[in-house]
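Work through these exercises with the sequence and the model side by side. Try each task before you read its solution.

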Amino acid sequence: MAEPSAATQSPSVSSSSSGAEPSAPGGGSPGSCPALGAKSCGSSCAVHDLIFWRDVKKTGFVFGTTLIMLLSLAAFSVISVISYLILALLSVTISFRVYKSVIQAVQKSEEGHPFKAYLDVDITLSSEAFHNYVNAAMVHINRALKLIIRLFLVEDLVDSLKLAVFMWLMTYVGAVFNGITLLILAELLIFSVPIVYEKYKDTSKTPWNCKKKGRISTWKPEMQQLLKHHLIVITLLPVL
């Protein structure tokens, strides 16, 4: 009597197991970063989504805030920019605090401090987390120190000559642009070129669709023309 029941249960078990076998080729979730994979989709994936405008509100806020900061630093000193930012933040929080106090006094409510939820947040940094950050930073610092020593003490003559040529070219760049202008240009390019490339690229010739290895993706003619005009406008923007 037990055999028919086992036979009736086997199709359901096999169907459930067969339904669990297929998986996505990339192995990641739909919202994961397609270019970086599931393993490295951490901070790098967040940056990838940011510069490709996956979330328009988030990217727009970051882009607008950093651009305003750089433009302010180009027009004013660092002390003035920091002072104005702190004054603007204090004006918003104080105004909101006074407004909520007046509303509570008129309505005779006892809601408490409007920022109580944020004041109760634990923002203390543990010693373990601090040591982890320091160790991660020390890895990059030691690597940079080794590279600097290797270049300046001419361990490899070709690499040292490359650095000398690059610094010589940067003297001409510094004669035309200052550091803030270069940062503004870099931000405009970072937040515009990837999305323009993604919009106008020829998807039929991308590397993951090509059978032949080593073949790079080609751009449409209108993409090349648009990118050319885009770079010209960005380059002439500081001059104007």
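**Exercise 1. The whole chain**

Of the contacts in the protein with a separation of 6 or more, what percentage is accounted for by residues 24 or more positions apart?

Solution. The share is 41%. Contact means heavy atoms within 4.5 Å. This is a predicted model, where local features need pLDDT of at least 70, side-chain atom pairs count only at pLDDT 80 or more, and totals for chains, interfaces and linings use all residues. Residues are numbered from 1 along each chain as its sequence is written, and side-chain values use heavy atoms, with hydrogens and water left out.

Next, list the elements. The protein has nine helices and zero strands. Here helices (H or I, at least four residues) and strands (E, at least two) are DSSP runs, numbered from the N terminus. Along the sequence the pattern reads α-α-α-α-α-α-α-α-α.

Then take burial. Of the 240 residues in the protein, 13% are buried. Buried means under 20% relative accessible area, exposed over 50%, and partly exposed in between (1.4 Å probe, protein chains only).

**Exercise 2. Helix H3**

Find which residues of H3 are buried, and where they sit around its axis.

Solution. Start with the length. Helix H3 covers residues 56-75, which is 20 residues. At 1.5 Å a residue it should span 28 Å, and its end C-alpha atoms are 28 Å apart, so the two agree. The expected span is 1.5 Å times one less than the number of residues.

Now pick out the buried residues: Thr59, Phe63, Leu67 and Leu70. Down the axis of H3, the buried residues fall within an arc of 65 degrees, so they line one face of the helix. The arc is that of the directions from the helix axis to the C-beta atoms. An α-helix has 3.6 residues a turn, so residues three or four places apart point the same way.

The face away from the buried side carries exposed Lys57, Lys58, Phe61, Ile68 and Ala75.

**Exercise 3. The partners of H3**

Describe how H3 packs against H8 and against H4.

Solution. Take H8 (residues 179-200) to begin with. The axes of H3 and H8 come within 9 Å and cross at roughly 165 degrees. Axes are lines fitted to C-alpha atoms, for helices over the stretch in contact, and angles run from 0 to 180 degrees between N-to-C directions. H3 and H8 are therefore roughly antiparallel. Angles under 35 degrees count as roughly parallel, over 145 as roughly antiparallel, 65 to 115 as roughly perpendicular and the rest as oblique. Residues of H3, including Thr59, Phe63, Leu67 and Leu70, meet residues of H8, among them Ile180, Leu183 and Phe191.

Go on to H4 (residues 78-107). The axes of H3 and H4 come within 8 Å and cross at roughly 135 degrees. That makes H3 oblique to H4. Met69, Ser72 and Leu73 in H3 meet Val78, Val81 and Leu85 in H4.

**Exercise 4. Two loop residues**

Is Lys108 buried or exposed? Where does Val154 lie?

Solution. Lys108 is exposed, at a relative accessible area of 75%. Its place is the loop between H4 and helix H5 (116-119). Val154 lies in the loop between helix H6 (127-152) and helix H7 (157-176). At 43% relative accessibility, Val154 is partly exposed.

Check the backbone last. Lys108 is not a glycine, but has a positive phi of about 55 degrees. Val154, not a glycine either, has a positive phi of about 55 degrees. Most residues other than glycine have a negative phi.
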